[in-house]
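Welcome, and please have your viewer open with the chain loaded. We will go from one selection to the next, with a short note on what each one holds.

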Amino acid sequence: MQPINNPSEHRVLYYGRRKGKPLTAARQDVVERLLPRLKINAPPSGSTLDPQSLFPESIKEIWLEVGFGGGEHLAAHAETNPTVGIIGAEVFLNGVASLARHIEQKSLGNVRIFNDDVRFLLPALPDQCLSRVFVMFPDPWPKARHAKRRFIGPENLKSLARLMRAGAELRVASDHPVYIQWVMEQMSAHPNFEWGAQGLKDCLNASADHAVTRYQLKAQKEGRKPHFFRFFRKVG
Ligand SMILES: C[S@@+](CC[C@H](N)C(=O)[O-])C[C@H]1O[C@@H](n2cnc3c(N)ncnc32)[C@H](O)[C@@H]1O
């Protein structure tokens with residue numbers, strides 16, 4: 001897959017898949033009807049976006065899901081947490097269409113969608129605006145020479161540390177042994193996060209409120225063991 005160049009000054013590269021099969025007529029229809037209302041436009045470089053302004057006044061806190069895939073996990077959390085506004089970022093248009101369908105079926109008013117690389121959104125968000133971040137089954141990029149492409153890494157963690165308020169939770173899940181090890185290394189090296197577990201065996205069970213993701217189901221069917229990490233933004 002060819003990397004896509006970002007017009008921004010930071011020249012971020014995205015390596016994953018953006019377009020898959022063309023949208024079916026039904027998916028195209030739901031995207032055309034819902035996206036104009038739900039879409040977060042890419043903020044101009046150097047601008048600030050108050051995430052609270054994207055949601056109705058009833059919204060008390062903001063969560064972010066990076067790479068929501070089919071959106072089932074995000075939609076389930078939005079349904080059970082109606083006073084939380086959830087921003088979902090996904091580059092893959094078929095995933096956006098799938099989330100839009102869930103939003104419509106569940107009549108959710110607390111979801112907004114960034115249909116692009118989340119790294120174009122993060123710089124515009126203000127400090128300490130997020131109470132929870134989900135990174136569920138990020139692309140593992142298992143080859144050592146691709147390690148820089150992994151979402152959990154120094155640059156993105158620096159952004160998340162700035163955006164997450166003290167005590168905010170970062171949930172990361174992975175089924176890939178290389179990525180599981182990588183997450184432990186990256187997170188334990190980071191001064192602003194603490195791990196909410198004693199060891200890896202504590203990560204075999206998801207939180208009580210976890211919603212199963214499409215990728216998780218596939219991994220489990222194929223005999224792989226998902227690990228669920230919970231990290232917390234330290235004070236200061
Ligand atoms: C392996 S899939 C997992 C999808 C979903 N979380 C699940 O568990 O079923 C990873 C997803 O992250 C998306 N993704 C990867 N990097 C991203 C980025 N920088 N910004 C937004 N989405 C991203 C990809 O398009 C892909 O859909």
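In this tour, Ala, Val, Leu, Ile, Met, Phe, Trp, Tyr, Cys and Pro count as nonpolar, Asp, Glu, Lys and Arg as charged, and the others, Gly among them, as polar. This is a predicted model, where local features need pLDDT of at least 70 and side-chain atom pairs count only at pLDDT 80 or more, while totals for chains, interfaces and linings use all residues. Residue numbers start from 1 along each chain as its sequence is written.

**Stop 1: the ligand.** The shell has 23 residues, and the closest are Gly67, Gly69, Phe137, Thr213 and Tyr215. By class, you will find 11 nonpolar, seven polar and five charged residues there. Which helix gives the most to the shell? Colour helix H6 (residues 214–221), which contributes three residues.

**Stop 2: the whole protein.** Zoom out and switch to cartoon: the protein has six helices and nine strands, where helices (H or I, at least four residues) and strands (E, at least two) are DSSP runs numbered from the N terminus. Along the principal axes, the C-alpha atoms fill a box of roughly 45 × 40 × 40 Å.

**Stop 3: H2 and H3.** Now select helix H2 (residues 72–80) and helix H3 (residues 93–106), whose axes come within 9 Å and cross at roughly 25°. Axes are lines fitted to C-alpha atoms, for helices over the stretch in contact, and angles run from 0 to 180 degrees between N-to-C directions. H2 is therefore roughly parallel to H3 (angles under 35 degrees count as roughly parallel, over 145 as roughly antiparallel, 65 to 115 as roughly perpendicular and the rest as oblique). Show Glu72, Leu74, Ala75 and Glu79 of H2 with Leu99, His102, Ile103 and Lys106 of H3, which make the contact (C-beta atoms, placed from the backbone, within 7 Å). This contact has four nonpolar, one polar and three charged residues.

Note on methods:
Contact = placed C-beta atoms within 7 Å. Near = placed C-beta within 6 Å.
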